[in-house]
Amino acid sequence: KKYAIPLSILEVEGGAPILESVKGVIYALDQVIVTSAPKLNRNNKVNYTFLENPEYDTWTVEMMVNMDNLGNGTNGNYNNQVIFNAGSPAGEKNTAVFVRFGDAMIPGNKLQIKLCGNVIYESNLVFNTNEWYHLAFVYNGSKFRVYIDGILDKEADANLGTFKFNKDNIFSINGTTQYFKANMKIREVRMWNTAISQMQIKDNMFAVDPQTEGLQAYWKMNEGTGASDIIIKDATGHGNDGKISGPITWLDNVRSDKKADNR
């Protein structure tokens with residue numbers, strides 16, 4: 001929870017005048033989040049399983065990620081490290097969302113996103129290794145925007161209609177291929193059925209009220225225990241629990257106010 005405390009000067013000793021324009025102040029209190037997070041690699045897969053196939057006219061996907069290897073900065077090096085995929089149901093129009101670091105024509109330290117099978121975004125930002133980033137992908141029915149740490153990195157026209165996802169084919173890490181070579185730390189994965197605003201993104205990067213309108217699934221990934229194959233709870237209460245497969249290393253004392261983390 002976040003709190004705002006309003007204070008106002010009512011009187012001053014000695015009778016000095018109080019300027020109306022500056023007599024009040026509001027203190028916004030936002031705690032530092034200290035949590036746990038999984039450190040994963042190609043031996044893992046994170047499945048975000050829904051009870052029913054999601055179908056959204058507008059949507060937002062958020063996550064906090066930290067990669068320890070993004071290649072040497074040349075095109076094609078360490079390409080196709082998939083950090084999020086939402087596939088379409090069998091027999092339906094391709095409305096997949098595919099997010100990865102690197103491709104044949106871009107270096108591994110840039111983010112690329114495909115919507116409906118076509119590349120729609122390649123990041124302006126060059127990512128550093130061993131740093132936490134908050135990523136937000138926002139589709140409002142006509143535009144697609146990507147925010148990195150609450151700052152708009154790029155937008156594109158995207159009149160792509162309704163997105164339908166396969167409830168059993170939403171995941172992170174393509175570990176069954178040779179492409180994923182990094183250790184990835186990940187937490188705060190969220191899916192919305194609305195295009196949330198930049199202010200919402202900035203104000204809630206490290207935590208959000210699970211009962212917020214439009215939030216369909218929220219995996220904090222802060223379980224902190226379990227050596228392998230653990231359930232990651234959906235904090236919204238909607239029952240869309242996920243699973244991390246394979247051996248898991250947990251990191252404790254992950255702080256929201258520290259960007260660098262090379263553990």
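Predicted model: local features only at pLDDT ≥ 70, side-chain atom pairs only at ≥ 80, totals over all residues.
Reader: How many bridges join S6 to S11, and which way do the two strands run?

Author: There are seven bridges between S6 and strand S11 (residues 133-139), and the two run antiparallel. S6 has another antiparallel partner, S16, again with seven bridges. In that pairing, methionine 64 stands opposite arginine 187.

Reader: Where do the side chains of a strand point?

Author: In a regular strand, side chains alternate between the two faces of the sheet. Here, Trp59, Val61, Met63, Val65 and Met67 lie on one side of S6, with Thr60, Glu62, Met64 and Asn66 on the other, and all of them are buried. Since nine of the nine residues of S6 are buried, the strand is largely enclosed by the rest of the structure.

Reader: Which residues have the most contacts inside the largest nonpolar core?

Author: They are Tyr48, Trp59, Ile83, Phe84, Leu135, Phe137 and Phe144, in a core of 49 residues. Strand S6 gives the largest share of this core, five residues. A second, separate core has nine residues, including Val138 and Trp192.

Reader: And how do I look for empty space?

Author: Rolling a probe the size of a water molecule over the atoms shows where empty space is left. In this model, the largest pocket has a volume of about 490 Å³. Its lining has 25 residues, and Lys1, Lys2, Ile33, Ala207 and Val208 lie nearest the centre.

Reader: What classes of residue make up the lining of the largest pocket?

Author: The lining has nine nonpolar, six polar and 10 charged residues.

Conventions
Residues numbered from 1 in each chain as written. Heavy atoms only, no water. 1 Å grid on protein atoms, 1.4 Å probe; cavity = no way out; pocket = protein on both sides within 12 Å on 5 of 7 lines; lining within 4 Å. Points joined across faces, edges and corners; volume = space filled by probe spheres on them. Nonpolar A, V, L, I, M, F, W, Y, C, P; charged D, E, K, R; others polar. Core = buried A, V, L, I, M, F, W, Y, C linked by side-chain atoms within 4.5 Å. Buried < 20%, exposed > 50% of the residue type's maximum accessible area, 1.4 Å probe, protein only. Helix = DSSP H or I, 4+ residues; strand = E, 2+ residues; numbered from the N terminus. Pairing = 2+ DSSP bridges.
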